[in-house]
Amino acid sequence: MRESEDQVAVTADRFMETSQSIGPIVLLGPPGAGKGTQAKRITERYAIPQISTGDLLRENVRNGTALGLKAKDIMARGELVPDELLYDMVAERLRRPDCERGCILDGFPRTAAQAAWLDAFLEGGHSDKSKRGKWLPFVISMDVDYNLLLLRLTGRRTCPTCERIYNVHFQPPRVDEVCDLDGIKLVTRNDDREEVIRERLQAYERQTRPVAEYYQQKGRLVSVDGMGSADQVTEHVFREIANHSPAKVGGC
Ligand code: AP5
């Protein structure tokens with residue numbers, strides 16, 4: 001009897017998580033903070049899409065689009081792509097119906113100008129469907145020490161097929177350099193070379209730190225300790241999401 005009551009409670013919780021509106025969640029943190037790792041777990045738990053501007057840009061580079069051609073060398077140097085090149089790409093993604101209950105923004109916004117653009121875009125009611133409301137982003141900032149970031153980035157490997165993220169130091173695959181899920185050989189990202197990593201971390205300090213200040217001033221930022229294991233960080237992140245209620249209810 002007790003067991004079936006527990007099952008009902010678990011099913012009800014799952015229903016809530018996968019049907020409630022949680023609005024746009026921004027994961028903010030330096031390269032290697034674990035944004036991509038945590039974004040995938042939030043996607044699984046809450047059934048909302050991960051929008052990674054890094055992944056979208058890399059896809060454009062792979063497909064040789066006009067945007068990809070402009071972004072390719074900038075990304076290889078570890079610098080930020082100019083703000084105005086990103087807006088159409090992000091706007092198009094945010095307008096898709098799968099963002100209706102919310103979405104996870106991983107790697108965007110990354111400058112104070114991008115943060116102001118995002119607020120204006122969401123406040124402006126970008127959706128054609130007037131029944132959808134407007135939400136402002138809830139921001140989870142992940143703090144990790146510099147030396148640990150270096151270790152995480154140099155050890156990162158990714159599956160080119162399913163995009164699962166591994167780490168040779170912290171989350172190694174069962175078989176060396178091979179994806180556990182599909183047996184494909186793992187790859188190292190082009191910008192995970194040490195000299196490029198240093199530039200990316202400097203770009204973060206210069207251009208992305210002000211984003212945290214922007215949201216802090218608006219009272220929409222919480223910080224989590226990103227130094228623990230991936231599971232420990234997930235626990236903190238889920239707790240913050242559960243405690244948060246969207247600024248306004250509607251569609252992402
Ligand atoms: P992007 O792809 O966004 O890269 P990033 O911000 O540099 O972040 P990363 O993907 O490197 O790190 P992450 O925090 O997601 O860490 P992960 O979970 O993988 O951007 C790439 C480039 O695109 C930029 O440099 C720029 O040129 C351009 N760009 C993108 N967005 C832009 C924008 N908005 N404006 C302008 N330009 C833009 O984890 C890292 C490793 O650590 C993994 O191996 C993982 O397994 C491991 N790990 C994660 N968490 C833990 C943990 N808790 N314990 C142990 N290991 C862990």
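I count two residues as in contact if their C-beta atoms, placed from the backbone, lie within 7 Å. The model I am reading is predicted, and for that reason I keep to its conventions: local features need pLDDT of at least 70, side-chain atom pairs count only at pLDDT 80 or more, and totals for chains, interfaces and linings use all residues. Residues are numbered from 1 along each chain as its sequence is written.

**Entry 1: H3 and H4**

I began with the residues of H3 that meet H4, and found Leu 57, Asn 60, Val 61 and Asn 63 on the H3 side, with Leu 67, Gly 68, Ala 71, Lys 72 and Met 75 on the H4 side. Helices (H or I, at least four residues) and strands (E, at least two) are DSSP runs, numbered from the N terminus. By class, this contact of H3 with H4 has 5 nonpolar, 3 polar and 1 charged residues, where Ala, Val, Leu, Ile, Met, Phe, Trp, Tyr, Cys and Pro count as nonpolar, Asp, Glu, Lys and Arg as charged, and the others, Gly among them, as polar.

I then looked up the geometry: the axes of H3 and H4 come within 8 Å and cross at roughly 110°. Axes are lines fitted to C-alpha atoms, for helices over the stretch in contact, and angles run from 0 to 180 degrees between N-to-C directions. H3 and H4 are therefore roughly perpendicular to each other, given that angles under 35 degrees count as roughly parallel, over 145 as roughly antiparallel, 65 to 115 as roughly perpendicular and the rest as oblique. H3 passes H4 in a left-handed crossing; a crossing is left-handed if the near helix is turned anticlockwise from the far one by less than a right angle, and right-handed if clockwise.

**Entry 2: two further helix pairs**

For helix H5 (residues 83–94) and helix H6 (residues 112–123) I noted a packing angle of about 30°, with the axes 11 Å apart, and H5 and H6 are therefore roughly parallel to each other. Asp 83, Leu 86, Tyr 87 and Ala 91 of H5 meet Ala 113, Gln 114, Trp 117 and Phe 121 of H6, a contact that divides into 6 nonpolar, 1 polar and 1 charged residues.

Helix H7 (residues 146–154) packs on helix H8 (residues 194–217) at an angle of about 135°, with their axes 11 Å apart, and H7 and H8 are therefore oblique to each other. H7 passes H8 in a right-handed crossing. From H7, Tyr 146, Leu 149, Leu 150, Leu 153 and Thr 154 meet Glu 194, Ile 197 and Leu 201 of H8.

**Entry 3: the sheet**

In which order do the strands of the open sheet lie? I read 5 strands in the order S2-S3-S1-S4-S7, with parallel pairing; two strands pair if DSSP finds at least two bridges between them. The edge strands, each pairing on one side only, are S2 (50–52) and S7 (221–225). Direction ignored, neighbouring strands of this sheet are turned by 25° against each other on average.

I followed S4 (residues 138–143) and found that S1 (residues 23–28) pairs with S4 in the parallel sense over 4 bridges, whereas S4 and S7 pair in the parallel sense over 5 bridges. Val 26 has Val 139 in S4 as its bridge partner, and Leu 27 stands opposite Ile 140 in S4. Ile 140 also stands opposite Val 222 in S7.

Of the 36 residues around the ligand, Pro 31, Gly 34, Gly 36, Gly 54 and Gly 107 come nearest. The elements that give two or more residues to this shell include helix H2 (35–46), helix H3 (53–63), helix H4 (66–77) and helix H9 (230–243). By class, the shell divides into 14 nonpolar, 15 polar and 7 charged residues.

**Entry 4: backbone exceptions**

Most residues other than glycine have a negative phi, and most peptide bonds are trans. I noted that Ala 47, in the loop between H2 and S2, has a positive phi of about 55° although it is not a glycine. A cis peptide bond joins Phe 108 and Pro 109, with omega about 0°, and Pro 109 lies in the loop between strand S3 (102–106) and H6.

Key: A residue is near a molecule or strand if its C-beta atom, placed from the backbone, lies within 6 Å of it.
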